[in-house]
Amino acid sequence: MMSEIQKKVKVHVEKVNKSYGENHVLRDISLDIAENEVVVMIGPSGSGKSTFLRMLNQLETPDNGTIVVDGFDISEKATDINKVRENIGMVFQNFNLFNNYTVLENIMLAPVELGKLDKVAAEKKARELLKTVDLVDKADVSVNSLSGGQKQRIAIARALAMEPDVMLFDEPTSALDPEMVGDVLEVMKNLAESGMTMIIVTHEMGFAKQVADRVVFFEAGKIQESGVPEQVFNAPKNERLQEFLSKVMHA
């Protein structure tokens, strides 16, 4: 969790809009995220959370507005987005692993291809990361043989192999069987406690309560409310947020 000391801004978003035809998905979104901060974005499906997240590494491009990550203005055409992406880890709903590679090869691939590490150093790093995600015994097996929860933990290890400054998680547990969710959330919780800057889109409200420094509620393409978990979950001001929580928070 963040200390009271003011941290430097890691992600700066100002007046960002995005439309797909008539569908105005994001409306004048402005948000600053500090170094070491864990920000969890909640809201109904279709509210713009994932689109916003994907804009932070230019998997989606804004129609207008400014997005600065790590001091790089990625809304500027001249910015080398591939260079910026080397410092941004992203974990998707559906793993995006290479099924024809072993677990170890999946984790080693990017650092070696991009010249960050040689093969020996990359393997050492990969084996360390397998400890982090509690899958040391799976190093040499094919990704195809893993369960969904194991694949997602490998996807997290693969993202961490590039030693990113910021980690983005796009509903990382939504494609998993309920019994596998806990293992993935545990890895993410440990990561949050280590001080990683994390931006997470999730429907796991208990997890959001536990790890977030700040919870941001999206609805109809806008940030309707933002605050510390205690305030957002226990004393929500926004009527739509109250309604949303009453449906998703189980007694």
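This is a predicted model: local features need pLDDT of at least 70, side-chain atom pairs count only at pLDDT 80 or more; totals for chains, interfaces and linings use all residues.

Two strands are taken to pair if DSSP finds at least two bridges between them.

**The antiparallel sheet**

An open sheet is formed by four strands in the order β2-β1-β4-β5, and the pairing is antiparallel. Its edge strands are β2 (23-34) and β5 (72-73), each of which pairs on one side only. Strand β1, covering residues 9-20, is joined to β2 in the antiparallel sense over eight bridges, and β1 also pairs in the antiparallel sense with strand β4 (residues 64-69), there over five bridges. Within this second pairing, Glu14 has Thr66 of β4 as its bridge partner. The strands β4 and β5 are linked by two bridges, again in the antiparallel sense, with Val68 standing opposite Asp73 in β5. A hairpin is formed by β4 and β5 with two residues between them, and Asp70, which lies in the turn, has a positive phi of about 55°.

**The mixed sheet**

A further open sheet contains six strands in the order β6-β7-β8-β3-β9-β10, and here the pairing is mixed. The edge strands, each pairing on one side only, are β6 (88-91) and β10 (222-227), and the twist averages 15° from one strand to the next.

| Strands | Bridges and direction | Residue and partner |
|---|---|---|
| β3 and β8 (197-201) | four, parallel | Val39 with Ile199 in β8 |
| β7 (166-170) and β8 | five, parallel | Leu168 with Ile199 in β8 |

How many of the five residues of strand β3 are buried? Strand β3 (residues 38-42) is mostly covered, with five of its five residues buried. Val38, Val40 and Ile42 point one way from β3, while Val39 and Met41 point the other way, and all are buried.

Helix α6 (residues 178-193) lies across β3, β7 and β8 and runs at about 145° to β8, whereas helix α9 (residues 239-248) lies across β3, β9 and β10 and runs at about 100° to β9.

**The packing of α3**

The axes of helix α3 (residues 103-113) and helix α5 (residues 148-160) come within 8 Å of each other and cross at roughly 30°. Because angles under 35 degrees count as roughly parallel, α3 and α5 are therefore described as roughly parallel to each other. The crossing in which α3 passes α5 is right-handed. On the α3 side the contact is made by Val103, Asn106 and Ile107, and on the α5 side by Ile154, Ala157 and Arg158. By residue class, the contact of α3 with α5 divides into four nonpolar residues, one polar and one charged.

The buried residues of α3 are Val103, Leu104, Asn106, Ile107, Met108 and Pro111, and these buried residues pack against both α4 (119-132) and α5. An α-helix has 3.6 residues a turn, so residues three or four places apart point the same way. After α3 comes Gly115, whose phi is positive, near 75°.

Definitions and conventions: Residues are numbered from 1 along each chain as its sequence is written. Side-chain values use heavy atoms; hydrogens and water are left out. Axes are lines fitted to C-alpha atoms, for helices over the stretch in contact, and angles run from 0 to 180 degrees between N-to-C directions. Angles under 35 degrees count as roughly parallel, over 145 as roughly antiparallel, 65 to 115 as roughly perpendicular and the rest as oblique. A crossing is left-handed if the near helix is turned anticlockwise from the far one by less than a right angle, and right-handed if clockwise. Contact means heavy atoms within 4.5 Å. Ala, Val, Leu, Ile, Met, Phe, Trp, Tyr, Cys and Pro count as nonpolar, Asp, Glu, Lys and Arg as charged, and the others, Gly among them, as polar. Buried means under 20% relative accessible area, exposed over 50%, partly exposed in between (1.4 Å probe, protein chains only).
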